[in-house]
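Here is a short briefing on backbone geometry and annotation. Look over the chain before reading on.

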Amino acid sequence: MKVFCGRANPTTGSVEWLEEDEHYDYHQEIARSSYADMLHDKDRNIKYYQGIRAAVSRVKDRGQKALVLDIGTGTGLLSMMAVTAGADFCYAIEVFKPMADAAVKIVEKNGFSDKIKIINKHSTEVTIGPDGDMPCRANILITELFDTELIGEGALPSYEHAHRHLVQENCEAVPHRATVYAQLVESRRMWSWNKLFPVRVQTGHGEQVIVPPLELERCPGAPSVYDIQLNQVSPTDFTALSDVMPMFSVDFSKQVSSSAACHSRQFEPLASGRAQVVLSWWDIEMDPEGKIKCTMAPFWAHSDPEELQWRDHWMQCVYFLPQEEPVVQGSSLFLLAHHDDYCVWYSLQKTSSEKNGRVSPPRPVCDCQAHLLWTRPRFGEINDQDRTERYVQALRTVLKPDSVCLCVSDGSLLSLLAHHLGAEQVFTVESSAASHRLMKKIVKANHVEDKVHIIEKRPELLTSADLEGEKVSLLVGEPFFTTSLLPWHNLYFWYVRTAVDQHLGPGAVVLPQDASLHAVVVEFRDLWRIRSPCGNCEGFDVHIMDDMIKRALDFRESKEAEPHPLWEYPCRCLSGPQQILTFDFRHPVPPHPVRAEGSIELRRPGRSHGAVLWMEYHLTPDSTVSTGLLKPPDDKGDCCWNPHCKQAVYFFTSPDCGVPQGGPRTVSYTVEFHPHTGDISMDFTLSDTLEDGC
């Protein structure tokens with residue numbers, strides 16, 4: 001059956017109604033899930049298996065039957081481990097129906113249907129009793145309900161309910177315990193992901209400074225954690241102000257509470273500086289003795305960095321203090337970890353919360369709009385002074401004393417730059433109420449309310465009256481739009497340029513003047529795992545899961561490229577970067593598709609995992625801003641990616657094909673821009689690859 005789905009097109013700005021398969025949503029869920037990543041996480045799988053064996057043995061040694069409750073079973077892997085370890089029966093709960101159906105098939109294929117019952121419910125809906133889902137309470141509780149923040153997927157409420165209603169008192173639990181760790185640091189780079197720095201502009205009248213509103217400086221920020229691959233952050237990017245400290249633990253074998261709590265840790269700063277950021281991660285101990293441990297610690301805090309397991313389903317956390325605070329080496333302080341049922345946040349105090357009688361502060365809430373409008377990478381992009389200087393230099397070459405400037409980008413400072421560089425009149429269009437409110441605050445803080453006119457309207461709806469009857473001589477955009485997911489979604493600027501064509505004066509300049517789509521073929525160090533079939537996992541056949549993911553990837557959107565911040569995911573370029581398509585903003589969007597066919601020569605040996613695509617914006621003939629590669633790859637093919645942008649990754653269907661030492665191979669491509677929809681369709685095909693290893 002087909003259903004109609006409404007979708008906001010990020011490139012054209014229009015709302016489209018598309019005919020989709022009725023199972024479209026769950027196919028996207030499977031295609032974009034972390035199931036493959038988890039199945040490839042050997043450290044996780046081995047530690048769980050060891051912990052399960054030990055728990056079953058302890059129950060058997062007491063002369064009891066081993067009855068297992070597995071919450072969030074997924075593929076059924078942990079339940080199959082439990083039965084293999086000697087469990088008498090397993091009740092495996094999975095709320096996501098397509099996944100529960102797959103688990104039934106996987107369990108049957110591996111011959112465990114008589115020992116494992118798949119229950120397609122939320123754990124809080126499971127019933128106990130003769131006519132219930134389970135005849136009695138379990139004495140072993142197995143779960144994998146964790147995210148990067150540990151509790152963000154509702155682990156605490158699920159454990160709380162399970163102990164009250166589904167498992168015996170003092171049951172065995174795998175994992176047995178989790179501990180959250182924190183380290184206080186000073187980091188200008190990471191702090192730039194949270195606050196707006198002053199922007200300095202050299203003009204003909206001396207230096208001008210765009211200052212952030214006081215409201216933004218005082219804002220405690222958004223409560224959401226910023227989860228990243230912390231191993232890709234250089235130690236030179238931060239100064240440790242504390243040792244790594246255990247902040248709090250949760251014993252999963254006992255009654256768990258989901259109530260809000262505060263945990264305090266006293267420490268003496270290792271160095272004087274400005275406390276800004278808390279880096280955090282956790283480990284889980286699979287047994288009561290803590291001998292079987294799975295840790296998310298980054299390399300500098302890991303007991304054996306050489307054995308570091310790469311994983312993407314669990315990373316590390318970056319938390320921002322409500323305000324940066326000066327600390328003095330050796331002067332004792334207290335770091336406080338607060339959490340409710342789903343969220344963790346941190347604060348710093350000079351005395352313990354017990355001594356001063358303070359009530360634990362509520363979860364921070366953004367009241368300045370910026371943290372609601374700008375993502376963490378967007379903060380970093382706006383604070384990138386080198387990037388700003390490129391726009392300044394480009395604006396200097398095109399601005400004239402009588403320029404009437406129209407700025408089109410969400411929450412951009414370009415309008416203030418244009419004013420300071422001498423534009424006679426500046427208009428900026430903000431299509432959302434949030435961006436309009438934020439820009440009003442920024443304009444007011446810089447006392448240019450009468451110089452920069454903010455229009456709250458979709459740019460396609462602009463009228464001559466909005467522009468006070470003026471014709472635009474300079475149309476400028478970064479371009480950046482909050483609805484953009486893939487690099488080319490910011491081509492919305494081109495559609496805006498087309499829509500406002502009637503408002504452009506003779507000889508009007510458009511900046512950027514054009515854009516180009518680029519691609520390079522890469523070998524990933526680790527990211528390939530999220531799309532690689534698993535086949536056999538710790539002795540269990542999970543081909544059914546592989547097939548399920550493959551079918552999901554056969555749906556339309558899942559065949560397309562997907563966004564990834566590649567500064568977090570090291571890769572090597574096997575080819576040189578190649579320009580694929582160009583888009584001329586000096587002219588309206590053409591009525592007919594723009595198509596490119598060609599091939600990319602692979603120059604270096606390696607495994608061709610996929611093609612990476614990005615946009616480059618040519619502000620002027622002499623100035624370009626790249627959203628992808630910032631410089632050519634080195635001789636080994638190592639890449640330097642723009643850290644503020646997500647690049648698009650098109651994974652090849654056969655990612656294991658190698659490039660031989662003996663000669664070049666090619667990747668053929670067909671890429672087409674569809675102006676009516678704003679979509680870019682693409683197909684990449686490996687040619688002349690070796691049969692061996694494919």
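Proline 512 sits in the loop between strand E24 (504-511) and strand E25 (514-524). The peptide bond joining leucine 511 to this proline is cis, with omega about 5°. This is a predicted model: local features need pLDDT of at least 70, side-chain atom pairs count only at pLDDT 80 or more, and totals for chains, interfaces and linings use all residues. Residues are numbered from 1 along each chain as its sequence is written, and side-chain values use heavy atoms, with hydrogens and water left out.

**Another cis peptide bond**
- Glutamate 478 and proline 479 are also joined by a cis bond, with omega about -10°.
- Proline 479 falls in the loop between strand E23 (472-476) and helix H15 (492-499). Helices (H or I, at least four residues) and strands (E, at least two) are DSSP runs, numbered from the N terminus.

**Positive phi outside glycine**
- Asparagine 170 has phi near 60°. Its place is in strand E7 (residues 167-174).
- Asparagine 170 is exposed, because its relative accessibility is 57%. Exposed means over 50% relative accessible area (1.4 Å probe, protein chains only).
- Histidine 447 has phi near 55°. This residue lies in the loop between helix H14 (433-445) and strand E22 (452-456).
- Histidine 447 counts as exposed, because its relative accessibility is 64%.

**Annotated domain**
- An unreviewed UniProt entry annotates residues 176-350 and 514-688 as "domain: Protein arginine N-methyltransferase". UniProt positions follow the numbering used here, feature names are shortened, and annotations may be inferred rather than shown by experiment.
- Residues 176-350 are 5% helix and 46% strand, and their end C-alpha atoms lie 34 Å apart.

Note on methods
Buried means under 20% relative accessible area, exposed over 50%, partly exposed in between (1.4 Å probe, protein chains only).
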